[in-house]
Amino acid sequence: MKPASSVLLLTTLTGFGYGLLAWLAVFALCGGLPDSRWFLPVAVVVALAFAGAGLVASMLHLGRPERAWRAFSQWRSSWLSREGVASLVTFPPALGFAVLWWLQGPDSAVAIILGLIAGALGLVTVFCTSMIYASLKPIRQWHNPHTAPDYMLFALFSGAVLLALLLAAWTGKASMAALVALAAAIIAGIAKLAYWRFIDAQPPLATLASATGLKEYGEVRPLDAPHFTENYVLREMGYRIARKHAAKLRRFVVFAAFLLPAVLAALAALGAAPLAASLVAALFTALGLFTERWLFFAEATHVSTLYYGR
Amino acid sequence: MTSLPQPAPNAKKLGLVIDLDTCVGCHACAVNCKEWNTGGHSAPLPDHQPYGEEPDGVWFNRIHSFEAGCGSSSKTVNFPRSCLHCENPQCVTVCPTGASYKREEDGIVLVNADICIGCKLCSWACPYGAREFDELAGVMKKCTLCIDRIYNETLPEAEREPACVATCPSRARHFGDFNDPESKVSKLVAARGGVDLMPELGYKPVNKYLPPRKASIPTKPQEQGGGTGNALLRLLDKVLSR
Amino acid sequence: MKATRGIDYSSPIGDEVAHTTCYMCACRCGIKVHLKDSQLRYIEGNRDHPVNRGVLCAKGSAGIMNVLSPARLRKPLKRVGERGAGEFEEIEWEEALSIITERLANIRATDAKRFVFFTGRDQSQSLTGYFAQMFGSLNFAAHGGFCTVNMAAAGLYSVGGAFWEFGEPDWDYAKIFLLIGVAEDHDSNPIKLGLGKLKERGAKIIAVNPVRTGYGAIADEFIGITPGTDGLFVLALVHCLLDSGQIDTEFLVRYTNAHYLVIDAPGTAEHGLFARDESGAPLCLDRADGALKPASTIGADPVLLGSVTLLDGRAACPAFAILAERYLTPDCAPEAVAARCGIPAETIRRVAAELAEVAFNQPVTLNVPWTDTSGRRHETMQGRPVAMHAMRGISAHSNGFQTCRAIHMLQMLLGAVDTPGSWRYKSPYPKPIPAGPPPCGKTHLENGALAGSPLGFPRGPEDLLVDEAGEALRLDRAFSWDAPLGVHGLMHMAIAEAHAQDRYPIDTLMIYMANVAWNSAMNPGDAMRLLTDKNPDGSYRIPFFILADAFFSETVPYADIVLPDTTYLERYDCISLLDRPIGSAHGPADAIRIPVLKPDRDVRPFQDVLIDLAGRLKLPNFADAEGKPLYSSYADYMVRHQRKPGVGPLAGFRGADGDAIGKGEVNPDQLDRYIANGSFWRHHLPEDQLYYKHANQAYLQTAKAMGLIDCDTQITLQIYSETLQKFRLAAQGHGAHQPPERLRARLEKVMDPLPIWYEPVEATMVSREEYPLHALTQRPMAMYHSWGSQNAWLRQILSENRLYLNHETAAALGIADEDWVVVESRNGALTCQARLMEGVNPNTVWTWNAIGKRSGAWTLDKQAPEAERGFLLNHIISEYLPPDANGHRASNSDPITGQAAWFDLTVRVRKATDAEAGATFPHHEPLRAPFRVENPEHLQFGAKLETR
Ligand SMILES: Nc1nc2c(c(=O)[nH]1)N[C@H]1C(S)=C(S)[C@@H](COP(=O)(O)OP(=O)(O)OC[C@H]3O[C@@H](n4cnc5c(=O)[nH]c(N)nc54)[C@H](O)[C@@H]3O)O[C@H]1N2
Ligand SMILES: Nc1nc2c(c(=O)[nH]1)N[C@H]1C(S)=C(S)[C@@H](COP(=O)(O)OP(=O)(O)OC[C@H]3O[C@@H](n4cnc5c(=O)[nH]c(N)nc54)[C@H](O)[C@@H]3O)O[C@H]1N2
Ligand code: SF4
Ligand code: SF4
Ligand code: SF4
Ligand code: SF4
Ligand code: SF4
Ligand SMILES: [Mo]
């Protein structure tokens, strides 16, 4: 599948944003946030800015962005529609969370309830996003039990990293969030490795023989495609990445998205230059996850390209 | 509605039968489809760099050719590919806007270009690569089963069939109602063992493909000569007994 | 809901519809052109049309894009720079016409043959030929010489019809169908419709072809023959049938000359000719009374085998006896030819058995009484449901004439000529054998016209157009000892011979509708070189070159004057019975094309221009006694011209009231009648005339009455060709007309009265070890020669081509899919990309024809894939064979008919080096169009105006 930057941005940025939102609610509940009137509202705005940026980016992917509002109508059947609805309904409670917090302070039960609702809705949004991919039967690398949990894990992981950075920036000290980020990096990294193991072992969905109904005639090979130059289906779905290249990028992802942030989160948790460590961790997480998402597309094969021998 | 309709008990199930035993791969159906549809319901079907380096365009029907098997039993198969108007099409259910829909009355899967936002998700959901994106209009397009021909009352009855069917020079394409066991398409499928493409994906395509077959002529063992002389005698026999 | 989804189910296609004839290829299908607001909207097949019955091929469906092509020429052009540089000045029609008139008038007044007129893919050869005849130049020919003339000739000299466009399988009754060397054919849609019918009935289709694609893909059996060996294969089938005695002797004695007695007097001038009585009638021996009598005697029971002593004491034997003896030899047995043909002997035996099984155990009987030319009434029509069709897989080899004769012999032995279920004549065929008068070129009338048509049918050496030394009178050497039966001329030699000037210099070369500097050049590099070559004095070696084309083809830059033609929807055309008609086995038919659109450019239909020129030149029958033009336009000519009294270009709706068919007075309303009838006319033959046309009394009488033939006597099929034997006798030194020494041996070999197989000529002169692979081309179904690439829709299907190789062959050469490879022949090398496949004879490589384009031509982008990765196999072919011992280079053609031997090419293939890979070679300088090119970035044809 073609890794379109708008979609890569959408999925990674909303992960950061809604992941952060979820952790803010949890930390708020547990009293793990700085005792400041301002921290949470700022953090929520940061979270929403990330999510919003992702959503705006996704609009760029549309052929008719001015009609984007229509995407809210089919929530009964379409995960994309649900994603849209969920992402929007996350905003009011999230804003309420921030505003009430600001007005009433960290003890506001209503604020925390709103926060928990917003956090949950954020995660629901991420889940909806993940299900857009996980539900697509023609793409085996997406349509599997890993996709949805992975998206949730990566959102929580990136949210934790972002929270750790915000806390370090605010307080200049080590924080619990860094520890959470460390744990999340390890779990997310393992999940990614498990995913790769899974897709590498997975048999293809179909063969050209079953795609053409010619199973009885032996192996089927393409002779001539309908045209020589690329078409929409091939541009969109025929993107292929060389194994060698993919392996290299996978190593980079493991390093940049998980290993390095884990080490840096550990440092931050230990109080060794927490701000710098969290900042670098966040930057690498972003870069790593963006690459991870790129690979998630680039390594995905669409069954329709069988017809073109790809 | 993006959710799949519950077809009425007497609804039609319209679609195509494509006979791989007869298709010579001439691309007539593909070009005539383009010609009809570029001015039809889904007008236009744009072309990019029409005289340039990478010519490309929107086609609702594309013709592949494949080789199957090896050695003397191998075959060449020409293979037209267009929307199969699936009974269980995910291209419809994924659509966030309802632009992509399956019609209750005849099962035709269509895109409403007036509300499509061009998110392309339906094309990702189609295992058959049957959806075509109009980059200039920013909307998805696809085979309409020639909705503006098959019900077109300005056409004589006999011409109310899809353009690709009407034009196919070897008559490898057939159109009809699969819910009517007496229709030509139902009978062909029954008689010739029509198959589904990628049944394992569960889309339940309506269009069916008829597999290639092999006619043969049984012969009796032949008398075979022992040299020119004998054969001439036998010929003489034949010639004399005329 | 429907309303919101904006479906308009029932809008009319357009507001106007015109019925005319497609010309995206030579098949001539009937089309309905729909216009909306006077703009093209949709072209579809005409369901009432006899050719295509409503279907339309890919090309036909893309007609709109040809009519709107940015490569259309816009105005007459006069060359101002060097030839080939593409520098032109736009001129007015009047200027162009007066330049040409002046030049041609001068030529006509001095030496008319210095005007050379060759026409390509056009369908107006009866007009263009007539123009040449009235002009007085014998140097006229149509494209058949590089196309399929050897099959046309073989058929016309054997059965009075031909596969080409003159016959068709009986799709309704055939039970087995042999499709030999056909990829697409002039009968594009009819063949597809027919194959569909065969499939529906479960008849067996056997494809004999080195390559399995298209039609071959749906064949029930594929026989991947080695190129050039079909003659061996067919003669082995004949061997098997003779061997098992499974032949239709009844058919042979009734309808062929198998029983004619052939004089057996070796060394004499009569050897191999028919024994005749005083009246000249060929004789047979009646076994009932042992008497010699005219072979056509009703009720005679002629012997077919054995030997006879003639009254003059000479020996003779029935033609069939010679035939039987020849093909029963072990040399012709399947086992002897299997390896050479690449077909297992068992397969050949089985195919023979299947043919015999179907012919003799499963005959088709129609309960239709009919009467033969001997007056015998038959209660039924019995047929042998074995049908065959063959095309350029046979014809594009230098042994194609004889191979095609072999196929016709096989049909005759099976009794499968124009019987139910077999191959059938398309009206106006059959024609007598030979099919018309001999070629004319020696004698002029007082008015300067040739006494007859420059193309014709020689009956023997006396009819050749040669000088005293036996050398050719025609520029292209047709009807000379180089190509005695060159009945369509040798268009592929025109430029080479015009340049060679070894007999006489020419002045003006006029080419109409042929891309002679590219894909119809056997070697385009040579053609371009010859067209630009100069004399020491700086003048061009080929002094003047006029081109009539509609588009910016590769040839345009080489012309001195370019006459821009209209597209096919902007003019009248005539698909005439005098020409290449659209008749079918069901009866004669013809058609017209009508202008559906007004040209938006300063272009004129070439036929109008030719008639205008003929008037200006005051050519006989184009101008009246006062020198005033007789016809105002082609449409006028189509209606009023009469070739013979009552016979004109159009056979339908003749006579004052439009009811006469075939023959009749001029009907001024004829075109309106055609238009009202969908722009075609057809005559349905009654049931009893549908088969056995060569001996069907009612049919032949009808055909004569309609002016299709001059004489209604039986057309006896010539399984043994006395005509060929006459040429052979000459080669052996008999008679007044003798070939030049250099050609004797070859003529003696090839002019065999019975079908033979010989090695394709090029193969005998080129080392097999050095060039082990055969290299072929095929017609892609969705492209027409070179003119498809300008079509925005069609070019998306085939914008490049590959060299296809068998997997195993490629593996042995270390070549993988998409690798760049170098293909070398004796004539040069080219670079292209490989594609591997299973369904191709391992000794064969092939590619699609005419996809490769010269950069810039057809106003395509200079980097268009057609130029960057497309390639033309012609670059390594040549119109000449390697020099013989005396340094003479013969034409690379069938020695009997002059048919271009495109497919005799042999090559070797290797993987390209890194330096060679990346773009096709040869790569000529990009061309620049002689007008401003404004190619759109996108097309949105058909976009609804209201939504824009
Ligand atoms: N290697 C190889 N070469 C081959 C063959 C092969 O099999 N292999 N086949 C050979 C055969 S059989 C043939 S017939 C030739 C065909 O070769 P050509 O006769 O060269 O045929 P086209 O490429 O169709 O070129 C026809 C020309 O007519 C022009 N034209 C198109 N429409 C019109 C019109 O309406 N009016 C006018 N005035 N001009 C028009 C086109 O622009 C083009 O320049 O190729 C031969 N060349
Ligand atoms: N779409 C389309 N239609 C066309 C044309 C076109 O350019 N495009 N051109 C028109 C013209 S001008 C012509 S002449 C006709 C020609 O129509 P075809 O006769 O179909 O011509 P080709 O495509 O040259 O096909 C030749 C076939 O013969 C096979 N072949 C080659 N050598 C041998 C051999 O030795 N033995 C056997 N058995 N087979 C062999 C090749 O593999 C190929 O399949 O088509 C006409 N129709
Ligand atoms: S073929 Fe593809 S586009 Fe057509 S209905 Fe099925 S899933 Fe949808
Ligand atoms: S591209 Fe259009 S039709 Fe397809 S899913 Fe998106 S909105 Fe629906
Ligand atoms: S049914 Fe109509 S739209 Fe669909 S492939 Fe055929 S011609 Fe095209
Ligand atoms: S028109 Fe018919 S024969 Fe030609 S490609 Fe289409 S289905 Fe096949
Ligand atoms: S076969 Fe195709 S291109 Fe040729 S005349 Fe018929 S419709 Fe036109
Ligand atoms: Mo041809």
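Guide: Two strands pair if DSSP finds at least two bridges between them, a strand being a DSSP run of E with at least two residues. The model is predicted, so local features need pLDDT of at least 70 and side-chain atom pairs pLDDT 80 or more, while totals for chains, interfaces and linings use all residues, and side-chain values use heavy atoms without hydrogens or water. Residues are numbered from 1 along each chain as written, and chains are lettered from A and ligands numbered from 1 in the order written.

Visitor: Which residue in β4(B) is the bridge partner of Pro222(A)?

Guide: Strand β1(A) runs antiparallel to β4 (residues 61-68) of chain B, and 4 bridges join them. Within β4(B), Pro222(A) is partnered by Phe66(B).

Visitor: Which three residues supply 15% of the area that chain A buries against chain B?

Guide: Chain A and chain B bury about 4800 Å² between them (accessible area lost on being put together, 1.4 Å probe, summed over both). Carbon and sulfur atoms give 58% of that area. On the side of chain A, the three residues are Tyr217(A), Tyr232(A) and Tyr307(A).

Visitor: How many salt bridges are counted between domain 1 of chain C and domain 3 of chain C?

Guide: Domain 1 (1-56) and domain 3 (761-911) of chain C come from an automatic or database assignment. Domain 1 and domain 3 of chain C bury about 300 Å² between them, 64% of it on carbon and sulfur atoms. Their salt bridge count is 0.

Methods
Buried area is the accessible area (1.4 Å probe) that two parts lose on being put together, summed over both. A salt bridge is a side-chain nitrogen of Lys or Arg within 4 Å of a carboxyl oxygen of Asp or Glu.
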